[in-house]
Amino acid sequence: MVPRCFRDHPITTAFIVLLSAASGARLLTSGRALAPRLSDQGSLLFFLRESRLIQSFNVDSAELPPDVWQRRLGLKAAAKRWQSSKGHRWWMVWLQDGSPLLVLHRTKASEPSRVSSTFPDVELLFADELHRKSFFSKSPSRISTRSILEEDCIDRLTRSPAVAWNPSGLSAIAGPLAFALNSGSHGCLSLTLDGRQRLRLDGSVSSRPLSSAPRSLRRPPGIESGFQAFVDATPMNNRLALHWQGASTKPLFSSLLQRRLISDAIEKTYGLTPDFQAAWLGAPLDLKAQLRNDGPFKASIQLSVVFHARHAETLQTGLTSVASNLELRGLRPQVSPSAAGTNGQSTVLMWKGQGQSVLGRWSVDSTTPNQISLQLSLGGASVSRLPSSIQRPTSGLRIRFDAKQLRDLGWLKATWPRSVQQAGQGELLLKPMLGHRSGQAETWYWLKGQLSLR
């Protein structure tokens, strides 16, 4: 069972892994022939493709019916229908506009006015008559063959509490953070709550519509063993607000750097050429953010990016260009005395503002003959190190976060569910799925996650 607080604002992976989204598909396409009668699962496939968000819930007859049932059915009818629906699922569907649509299994108690010949196995309860007329004024599109991920998603929506979304749905919740969630702009996750008030997430996410998933896709092996449980008792002052580790920076930065307008502006302003940006997108990443209670910054950020040695000249040219631009803006570089004299294998620069306070620093180290590591920190000293047992994944990415700290930083806006904003620690693990065509390794992911609810 999923807490009631999820019903009004569905959780998405958001986190992600939940975390620049393209606009969703149109709700319905006019001018097409009327679709054939849809089965229960056919109705779900239609809503899966044509909605921003769709979420399924269990009926728990031990509780009162949800507010949305009472508003749509009336108090007495909602109570009676709720008690008779034990063991069933029900759905909330956020269409492209208007209030969400309540979808129930059709029973003998269903009113004929709420059952459409196009959707004969479900009962549709709209927020108002205008929304209902708007929905039926357009002809539903024909349903084509399901993809393997759509089949999996429909099964989740039918059998358990689950949520599915597309970019417009994710953007409505994530707001400014949506650009960082591009790898999960489409997705479908099962939601389960264990006895320790820990929400668990499991399912598929992608930067492409689930309908385009190839039949050859397979769940990656070993994802359960690679999913480490976190310790809720970690002292608050030792927690990071965010720890993002990835086999490449693509999941975090590709949606920005692949936009021509942004890419050109970065090259023009800072001299970071397309070669530099391409090397950056292919580099492994380790990012840490920690809340600060002193100084002018609310948080400090440390970024570690590992380049192949063949990109040494590109990296150095890019940093030289950035340094020149920072100096033109009034910042002053200073070589760190403690790091000088390392036989040319390390370069450390601190950047100070007019008040001589350190705004950031970077260092470049030749860690191995084939690798160059760029360490960059902003907002103060380097963030505290995590235990050595936490390793950067060799594929996909791992994200650990503390929801309260993210809220204090203003990174979790009011559009996120209240239960997420008030939660404790969370973790997401994304692994590339197997069986995709060459060049799609960063397209289809399997996600496992957990979030400690307060």
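Figure 1. L181 counts as buried because its relative accessibility is 2%, and the cut-off for buried is under 20%. Keep in mind that this is a predicted model. You'll find L181 in the loop that runs between helix 7 (167-174) and strand 6 (186-193). Look for S171 too: ten residues separate it from L181 along the chain, and their C-alpha atoms sit 9.2 Å apart.

**Figure 2. A213, another loop residue.** The loop here is the one between strand 7 (198-206) and strand 8, and A213 lies in it. Is A213 buried or exposed? With a relative accessible area of 6%, A213 is buried. What does A213 touch, once neighbours within four places in sequence are set aside? Its contacts are S147, I148, L149 and W444. Take I148: it is 65 residues from A213 in sequence, yet the C-alpha to C-alpha distance is 6.6 Å.

**Figure 3. T394, out in the open.** This one sits in the loop linking strand 14 (371-378) and strand 15. T394 counts as exposed because its relative accessibility is 77%, and exposed means over 50%. K431 is 37 residues from T394 along the chain, with 9.5 Å between the two C-alpha atoms.

**Figure 4. Helix 8 meets helix 10.** Helix 8 covers residues 250-257 and helix 10 covers residues 274-281; the two pack with their axes 9 Å apart, at an angle of about 150°. So helix 8 runs roughly antiparallel to helix 10. Which residues make the contact? From helix 8 come K250, F253, S254 and L257, while helix 10 brings Q277, W280 and L281. Sort them by class and you get four nonpolar residues, two polar and one charged.

**Figure 5. What covers helix 8.** Six of the eight residues in helix 8 are buried, so the helix is mostly covered. The buried ones are P251, L252, F253, S254, S255 and L257. What do they pack against? Among the partners are two helices, helix 9 (260-270) and helix 10. The strands they pack against are strand 8 (242-246), strand 9 (285-291), strand 15 (397-402) and strand 17 (444-452).

**Figure 6. The largest nonpolar core, and a second one.** How many residues does the largest nonpolar core have? It has 74, and those with the most contacts inside it are W69, W90, W280, F307, L315, W362 and L374. Helix 11 (residues 312-328) supplies the largest share of this core, with five residues. Zoom in on W280: leaving aside neighbours within four places in sequence, it is in contact with T249, F253, L257, L303, V305, F307 and L374. There is also a second, separate core of 31 residues, including V122, F126, L217 and W444. As background, nonpolar side chains in soluble globular proteins tend to be buried together.

**Figure 7. Stepping back to the whole chain.** The chain has 454 residues, and 52% of them are buried.

Technical notes: Residues are numbered from 1 along each chain as its sequence is written. This is a predicted model: local features need pLDDT of at least 70, side-chain atom pairs count only at pLDDT 80 or more; totals for chains, interfaces and linings use all residues. Side-chain values use heavy atoms; hydrogens and water are left out. A nonpolar core is a set of buried Ala, Val, Leu, Ile, Met, Phe, Trp, Tyr and Cys residues joined through side-chain atoms within 4.5 Å. Buried means under 20% relative accessible area, exposed over 50%, partly exposed in between (1.4 Å probe, protein chains only). Helices (H or I, at least four residues) and strands (E, at least two) are DSSP runs, numbered from the N terminus. Contact means heavy atoms within 4.5 Å. Axes are lines fitted to C-alpha atoms, for helices over the stretch in contact, and angles run from 0 to 180 degrees between N-to-C directions. Angles under 35 degrees count as roughly parallel, over 145 as roughly antiparallel, 65 to 115 as roughly perpendicular and the rest as oblique. Ala, Val, Leu, Ile, Met, Phe, Trp, Tyr, Cys and Pro count as nonpolar, Asp, Glu, Lys and Arg as charged, and the others, Gly among them, as polar.
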